[in-house]
Amino acid sequence: MARRISGWCAVALLAFASLQTAQAKRVAAPAPAASAQDSLCDRSVSVADNTASDGNALSGSRWLISYKTQGEPARSYVFRLLPGGRMLNAHPNDRTPNNDRWESNGRHVQLRFNDGYAVYSGMMNGSSDQLKGHAVNTVGDTWEWRARRLEPCTAGR
């Protein structure tokens, strides 16, 4: 009888451990990404930020950026250019969302992420629907990047 109880105890302990592991994985797993078309449209940004209210044609625009840095997997995420040089981005590792900035001069665009830790310099194509350029971070890593313009956010999202 003692053997049967200890066997059941072992089974119960294994089941409990499996349940804890499954719960930990659910908590640690990132939330499913929103589609690129919806990303950054519901971040409590005023409707005025959806348009070029500061006279810059890029204000309010959203972009899907893609790049690959050495030793890392390829990445793609959405960023949104707001009036006054503010920028929102949906990078999965961004923990400081209020320190990203942008500026443009004609077709030249500069994006500064994390207080300038990484600076993306690029050019807009003639159709104003693609950006591409080079990036550098404060430790000297460099890489190429591309971005394509997404549909603008609407008042309902």
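**Entry 1: the pocket lining**

I sorted the lining of the largest pocket by class: 7 residues are nonpolar, 8 polar and 5 charged. Here Ala, Val, Leu, Ile, Met, Phe, Trp, Tyr, Cys and Pro count as nonpolar, Asp, Glu, Lys and Arg as charged, and the others, Gly among them, as polar. I noted that this is a predicted model, where local features need pLDDT of at least 70, side-chain atom pairs need 80 or more, and totals for linings use all residues. Residues are numbered from 1 along each chain, and side-chain values use heavy atoms, without hydrogens or water.

**Entry 2: the pocket itself**

I looked up the volume of the largest pocket: about 470 Å³. The volume is the space filled by probe spheres set on grid points, joined across faces, edges and corners. A pocket is an open set of points on a 1 Å grid where a 1.4 Å probe fits, with protein on both sides within 12 Å along at least five of seven lines; lining residues have an atom within 4 Å of a point. Of the 20 lining residues, Tyr67, His91, Tyr117, Tyr120 and Trp143 are the closest to the pocket's centre.

**Entry 3: ring pairs**

I searched the whole structure and found 7 aromatic pairs. Rings of Phe, Tyr and Trp (its six-membered ring) pair if their centres lie within 6.5 Å; planes under 30 degrees apart are stacked, over 60 edge-to-face, the rest tilted. Tyr67 and Trp143 make a tilted pair, 6.1 Å centre to centre, with 35 degrees between the planes. Tyr120 and Trp143 are edge-to-face, because their centres are 5.7 Å apart and their planes stand at 80 degrees. Tyr120 and Trp143 are both buried, meaning under 20% relative accessible area with a 1.4 Å probe, protein chains only.

Note on methods:
Buried < 20%, exposed > 50% of the residue type's maximum accessible area, 1.4 Å probe, protein only.
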